[in-house]
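Here are my notes for your review. Please keep the structure open while you go through them.

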Amino acid sequence: MSFLADIGHVLLTADLWRATLEAAALLLLPALGGVISERSGVVNIAMEGMMLTGAFFAVVADLALHNPWLAALVGIVAGGLMALIHAVVSIRFRADQIVSGIAINIFAAGLTLFLVQRIYGLQDVGHVGQSELLPYINIPLLDQIPFLGRVLFQQNVVVYAALVLLVLVQLTLFRTRLGLRIRSVGEHPQAADTAGINVYAIRYGAVITSGLLSGLAGAFLAIGISNTFVPNMTDGRGYIALAAMIFGKWTPIGAFIACLIFGLGQAIYDANSVIHVSQYLLSMLPYILTLIVLAGVVGRSIPPAADGIPYAPENE
Amino acid sequence: MPLGSVVFAFVVGGLIVAITGGNPFAAYQGLMCGGLGIGCANGENSALQISTTIVFFTPLLMTGVAVALPFRAGLFNIGAEGQLLAGSVACTVIGIKFSGLPAPILLPMVLLGGTLAGAIWAGVPGVLKATIGAHEVVTTIMLNYVAQWLVRYLIVGGPLQAANGFSASSPIGAGARLPLFMPNDPGLIIFGLPAGVYRVHTGLLIGLAALVIFAILLWRTSLGYEIRAVGQSQRAARYGGISVARTIIVTMLIAGAFSGLAGAIQIAGVDHNLTDKYFNDTTGFDAIAVALLGLGSAVGILFASILFGALHAGGSVMQADAGISSSLVQILQALILFSIAANFLRLLRLPAFGRRPSAPAPTAPAAALMTEAAKAPPGETT
């Protein structure tokens, strides 16, 4: 029973909920990328590799340029370039998108480790100075609100960005012409093509966007939450984001709710000194919860109709 | 096509080494030496290198089948890694609990336990796919991570951690260990080294038998016919009186059994206890490349396994001799996957300048790469 008492005690602290939102934002960025990519009909299980690439190049750039903003930009672009490979292979060459995604993840893990040893030798990558990290910003006045101020308004700049992007992606997908086009390409590309929509352009754009968002998440992880690059430091977060996307039934808001649930698990994990349960058992939670959702316990989770099917025009 | 993909990967990989200031020829000489025992520059023992390669490729024979068999049914089993870990855990638990039993009883027990655990781990995605259509790619990915965290939990502060404080379980009993081919006799010198250093174990025979069983199952049994029929067209199979749901579940159970057996054999034949080495194990992921490169045939899986076993064994020699990170092996593996999946090589067969390149073949689901069903409509097989 002391376990439940401990949980109850921790749940009442603002720090736990602040950490929950931070962990959720880190997962939300690649999850949004996954939603956009899959809504356009390209299966994306490569967020893990794109995040890892973004994390590595953000650290390399920050160590060289001593500017976290430029470093984050480098990380974002690096994630986008990884996504471009996935896009070319799966759209232009109509490859199996799952094989391509697996290849991206293996490629990113191998390439970052390879470059660590080429650039920095066999030693550590080195640490980014405190002043060269993506900053935590307290919003004036709002951060003084009891409890909520700590939870919502004393966050990293990337957390605010992620929340803005959440609203943007949700509105774009469901309230704009561009969003309608993305969804129609993902549901019925032949019909979209007939209606004059450039299926390839939409899909390239969507996949690359998923890489940019994942790259930002990688930069956040490496030079915001942490201050260095460690091989394989994403440690499955890209796959948790994939789970969040499915859990949220391919909607941005749904994915965000899933990220909050998974983030709470992560925050409790980090508060482990208070709670006496194995961190490793807690780490299984996102995956088990997603299996339960997939098992249909909370209603069916159905992907876009043309998800994973390369588009080949009739007249070719 | 498979050979071309390997050549493509080595060319691009060599370019990556050269661009980053390394010597690709020295790197590949190190790989050759470490993997095949050929062209060694620093006095490595060829026989020892070849035996290391064999130890590395033995589990791939089984995990390769675990990916290739579902491919034939139009299923993509990304979960060979999780299934393998389940097998390793079961083998370890049984091997410790009943460590006093003699080998004729205990060895079959640990191998069977691992096989069953792997089958269960793959059976869950099979049932979810067959009953409510949950995509097996996603469910097997989730179960990979559940298995990985389970292993971490068990040996870091969990019930399997040995008392010594290391991230490892106690060793399994002597009766649970697969015999080595070479006797562990310090006086016996073979190819210039004591016989005990060659770690090739009898699991190799089990792996080769797995390939034979796979080929017979697929081509000489009614179940194999049903698997291929479901892979080519679920609708046609259903009209033909085949229970698609049953075939999917049985296929996944068998696939998981092969992976679980591989996991048990790694414990029983190589490591003898569950260690933190298993956190970063990639045998189940390598299996995807093995199955694709081997075009889903038993002979193909054999050669692809040897290639990847040699690459892994060669990586460490390359790092020591040529100063090139062994992670180049992962890069090569990814390039092989890209090349197979995208069929880059058809670019080389494009018509001469001025003519419009022929359109790429329509939709190529991974399963279609290795079945005659390549012409089936997209979506039908997946």
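1. **The contact between the chains.** In this predicted model, the contact draws 44 residues from chain B and 40 residues from chain A. On the side of chain B that touches chain A, the elements giving two or more residues are α5 (103-132), α6 (136-155), α11 (283-293) and α13 (328-342) of chain B. Which of them gives the most? α6(B) does, with 11 residues. Sorted by class, this side of chain B has 31 nonpolar residues, 12 polar and one charged.

2. **A residue to look at in α6(B).** B:V137 sits in helix α6 of chain B. Is B:V137 buried or exposed? B:V137 has 25 C-beta neighbours inside 10 Å, so it counts as buried; the cut-off for that is 20 or more. Beyond its neighbours within four places in sequence, B:V137 is in contact with A:I98 of chain A, and with B:F76 and B:I78 of chain B. B:T247 lies 110 residues from B:V137 along the chain, and their C-alpha atoms are separated by 17 Å.

3. **Helix α11(B).** How many of its residues are buried? The count is 11 of the 11, so α11(B) is largely enclosed by the rest of the structure. The buried residues include B:G284, B:F285, B:D286, B:I288 and B:L293. Note that B:D286 is in that set. Just after the helix, B:L295 takes a positive phi of about 50 degrees.

4. **Helix α3(A).** This helix covers residues 47-65 of chain A. Does the length fit, or what span should one expect? At 1.5 Å a residue, its 19 residues should span 27 Å. The end C-alpha atoms are 26 Å apart, which agrees. Of the 19 residues, 17 are buried, so α3(A) is largely enclosed by the rest of the structure. Just after α3(A), A:H66 has a positive phi of about 55 degrees.

5. A:L141 is not a glycine, yet its phi is near 65 degrees. A:L141 lies in the loop between β1 (136-138) and α6 (148-152) of chain A. A:L141 is exposed, with 9 other C-beta atoms within 10 Å. A:W250 also is not a glycine and has a positive phi, of about 60 degrees. A:W250 is placed in the loop between α11 (237-247) and α12 (252-270) of chain A. A:W250 is buried, with 22 other C-beta atoms within 10 Å. Check both loops on screen.

6. **The nonpolar core.** The largest nonpolar core has 226 residues. Those with the most contacts inside it are A:L27, A:L28, A:L32, A:A58, A:A244 and B:L337. Take A:L27 as a case. Leaving aside its neighbours within four places in sequence, A:L27 is in contact with A:R237, A:I240, A:A241, A:A244, A:C259, A:F262 and A:G263. One of these, A:A244, is itself on the list of residues with the most contacts inside the core.

7. **Chain A overall.** Chain A has 14 helices and two strands. Its radius of gyration is 20 Å, close to the 20 Å that the globule rule gives for 316 residues, so chain A is as compact as a globular protein of that length. Its C-alpha atoms fill a box of roughly 65 × 50 × 40 Å along the principal axes. Buried residues make up 53% of the chain. Of the chain A contacts between residues at least 6 apart in sequence, 77% join residues at least 24 apart.

8. **Chain B overall.** Chain B also comes to 14 helices and two strands. Of its 382 residues, 55% are buried. Among contacts in chain B with a separation of 6 or more, residues 24 or more positions apart account for 74%.

9. **Confidence.** The model scores ipTM 0.91 and pTM 0.90. Chain B averages a pLDDT of 88, and 90% of its residues score at least 70. Where should you take care? Over residues 350-365 of chain B the pLDDT is below 50, and this stretch has 23 contacts in the model beyond near neighbours in sequence. Residues 371-382 of chain B also have a pLDDT below 50, with 29 such contacts. Where pLDDT is low, predicted coordinates should not be read in detail.

Note on methods
Residues numbered from 1 in each chain as written. Chains lettered and ligands numbered in written order. Predicted model: local features only at pLDDT ≥ 70, side-chain atom pairs only at ≥ 80, totals over all residues. Contact = placed C-beta atoms within 7 Å. Helix = DSSP H or I, 4+ residues; strand = E, 2+ residues; numbered from the N terminus. Nonpolar A, V, L, I, M, F, W, Y, C, P; charged D, E, K, R; others polar. Expected span 1.5 Å × (residues − 1). Buried ≥ 20, exposed ≤ 12 C-beta atoms within 10 Å, placed from the backbone. Rg over C-alpha atoms; globule rule 2.2 N^0.38 Å. Core = buried A, V, L, I, M, F, W, Y, C linked by C-beta atoms within 7 Å. pLDDT = per-residue confidence, 0-100.
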